[in-house]
Amino acid sequence: METNTRKLVSLPMALLTLVIVAGIMSVGLAVLKLNTMVTFILALVAVCIVAICLGMKLERLQEIILSGFRKFALTGMILISVGMVVGTWIISGIVPSIIYYGLQIFTPSSFLAVGFLICCIISFFTGSSYASLGTMGVAFMAIGYGMEINPGLVAGMAVSGAVFGDKMSPFSDTTNMAPAASGTDIFAHIKSMFYTVIPSFVITTVLYFIMGLKFNAASEESLQSIKAIVVALDESFTISPLLLIVPVFTIILVAKKIPAMIALIIGALAGVIAALIAQPQFSFNEVVTAMSVGFVGEFEEEALASLLNRGGISAMMSTIVYCIFALELGELMYEMGVLSVILDKVKDRILKPCNLIIATLISCLATVMLTTSQYMAILLPGEVFRSSYEKANMAPYVLSRTLEDGGTIFSFLVPWSAAAIYSSGVLGVSTLQYLPYAFLPLLCPVFAILCAVTGIGVFDREGKSLRGKTTRNAA
């Protein structure tokens with residue numbers, strides 16, 4: 001069936017469908033604590049029932065669902081490649097070396113600024129905000145208590161560093177989801193995020209440096225957790241700056257325009273070679289198995305085990321399933337015209353680049369608040385706003401950047417969202433306590449709005465700047 005022959009739902013049915021999806025997701029995840037996959041399935045089934053009741057044939061329904069699955073194919077392969085990279089880079093000593101050298105530059109006099117940078121480094125190279133918060137975040141909280149620093153301030157610093165990697169790392173699931181939902185590639189997406197993340201990063205670093213100047217010393221006892229991790233890394237792995245050649249090599253491949261999936265697979269294989277050369281304590285079978293199930297090691301330091309025992313293809317499976325169901329749900333809602341009939345009412349305003357970016361941010365916030373899901377806050381608004389950006393002649397990487405400035409960020413700031421609940425649990429402070437000091441998550445949406453208003457970093461589909469045109473229709 002051609003797109004121009006599809007029958008759009010009425011405005012009341014569109015609103016009802018959105019209420020049904022929001023209700024299932026919020027009740028399922030926040031109230032009943034259902035498994036996320038199960039909740040996605042229930043939402044998809046509910047929308048399918050609505051579509052059938054409106055007269056959609058089962059053959060068309062299947063075609064739409066499969067279309068959402070096909071859109072995910074490349075991103076799915078990239079996520080699999082990311083799992084392989086994380087597993088081999090850990091067992092080869094690459095990630096341990098990065099953590100080791102990062103911790104060496106830590107000094108009490110620059111606790112907040114250096115702690116923020118370390119969290120940024122760890123979250124970037126692991127691609128996991130949760131791992132960064134659950135390890136370095138916990139360690140820094142202990143040091144902060146010893147230095148009598150406001151726990152909310154220390155927690156805000158840790159969350160800011162964790163969010164940086166969650167947004168910018170090519171190994172992060174959200175960094176792969178956003179370009180998939182908007183129709184661009186991951187590296188164009190990361191480049192686009194420079195416009196909002198870099199100024200936020202610089203200001204955040206300066207703020208933490210200034211605020212940390214009054215803390216000039218820390219007790220020896222308060223630094224034991226960091227020292228213990230450094231010692232454990234040195235005992236468990238061969239630490240060498242030469243191992244950093246592999247990530248540099250992978251970055252060069254990307255700079256040479258090698259497709260992301262191919263570059264990541266090569267990076268994973270390079271990690272295997274590095275492991276066989278630098279880490280003789282691991283057998284060939286253990287090294288190659290790390291690509292599949294990730295690294296599994298025994299450490300006396302629980303924090304180190306939590307940080308390094310991860311990676312592999314299997315670790316990406318749940319994320320892949322979340323993406324598939326979310327994209328299928330978004331595709332079905334798009335084909336039904338659930339968003340189209342609502343956007344048509346305000347299309348003269350919404351197609352202005354400035355308003356469209358701000359509307360996307362608001363949509364991401366609303367999705368986080370209704371579903372508590374970081375993934376849904378990226379994938380669902382991405383699917384439904386994608387056509388609007390096309391009509392406005394805006395580059396897809398502007399949409400993907402906005403999805404991260406909204407979906408990824410707000411999930412750490414909305415107290416009842418899954419990411420915020422996790423952060424509060426591991427750091428031991430409430431979301432409202434760390435929120436005023438989570439400078440990077442607070443600044444990114446601000447710079448996203450500034451870009452929208454000024455046109456800086458906003459481009460059309462040919463790559464031409466829309467600066468000066470953001471307050472009128474770009475088409």
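**Close-up views of a helical chain**

**Figure 1. T360 and its contacts.** Setting aside residues up to four places away in sequence, T360 touches F385, Y389, L399, T402 and L403. Contact means heavy atoms within 4.5 Å. The model shown is predicted: local features need pLDDT of at least 70, side-chain atom pairs count only at pLDDT 80 or more, and totals for chains, interfaces and linings use all residues. Residues are numbered from 1 along each chain as its sequence is written, and side-chain values use heavy atoms, with hydrogens and water left out. T360 sits in helix α18 (residues 353-371). Helices (H or I, at least four residues) and strands (E, at least two) are DSSP runs, numbered from the N terminus. T360 counts as buried because its relative accessibility is 0%. The cut-offs by relative accessible area are under 20% for buried, over 50% for exposed, and partly exposed in between (1.4 Å probe, protein chains only).

Figure 2. The chain has 23 helices and 0 strands. It has 475 residues, and 58% of them are buried. Take the contacts between residues at least 6 apart in sequence: 78% of them join residues at least 24 apart. The largest nonpolar core has 153 residues. Such a core is a set of buried Ala, Val, Leu, Ile, Met, Phe, Trp, Tyr and Cys residues joined through side-chain atoms within 4.5 Å. M136, F140, L308, L332, M336 and M394 have the most contacts inside the core. Helix α3 (residues 58-91) gives the most to this core, with 13 residues.

**Figure 3. I65 in helix α3.** I65 lies in helix α3. This residue is buried, at 19% relative accessibility. Which residues does I65 contact, leaving aside its neighbours within four places in sequence? They are C48 and E328. I65 and L327 are 262 residues apart in sequence, yet their C-alpha atoms are 8.6 Å apart in space.

**Figure 4. Helix α8 against helix α9.** Two packed helices are described by the angle between their axes and the distance between the axes. The axes of α8 (residues 173-182) and α9 (residues 186-212) come within 9 Å and cross at roughly 105°. Helix α8 is therefore roughly perpendicular to α9. Axes are lines fitted to C-alpha atoms, for helices over the stretch in contact, and angles run from 0 to 180 degrees between N-to-C directions. Angles under 35 degrees count as roughly parallel, over 145 as roughly antiparallel, 65 to 115 as roughly perpendicular, and the rest as oblique. From α8, T175, N176, A178 and P179 meet I186, H189, I190 and M193 of α9. This contact has 5 nonpolar, 3 polar and no charged residues. Ala, Val, Leu, Ile, Met, Phe, Trp, Tyr, Cys and Pro count as nonpolar, Asp, Glu, Lys and Arg as charged, and the others, Gly among them, as polar.

**Figure 5. Helix α8 against helix α20.** Here the axes of α8 and α20 (residues 396-410) come within 8 Å and cross at roughly 135°. The two helices, α8 and α20, are therefore oblique to each other. The crossing of α8 past α20 is right-handed. A crossing is left-handed if the near helix is turned anticlockwise from the far one by less than a right angle, and right-handed if clockwise. T174, T175, A178, P179, A181 and S182 of α8 make the contact with P396, L399, S400, L403, E404 and T408 of α20. By class, the α8 and α20 contact residues are 6 nonpolar, 5 polar and 1 charged.

**Figure 6. L153 and Y434.** The C-alpha atoms of L153 and Y434 are 6.1 Å apart, though the residues are 281 apart in sequence. L153 is in helix α7 (residues 151-168). L153 is buried, at 5% relative accessible area. Residues up to four places away in sequence aside, L153 touches L112, Y208, M211 and Y437. Y434 lies in helix α22 (residues 431-434). Y434 is buried, with a relative accessible area of 0%. Beyond its neighbours within four places in sequence, Y434 contacts G152, A155, G156, V159, F412, A420, S423, S424 and V429.

Figure 7. K33 is not a glycine, yet its phi is positive, about 55°. This residue lies in the loop between α1 (11-31) and α2 (36-53). Is K33 buried or exposed? K33 is exposed, with a relative accessible area of 58%. N393, also a residue other than glycine, has a positive phi near 60°. The loop between α19 (374-391) and α20 holds N393.
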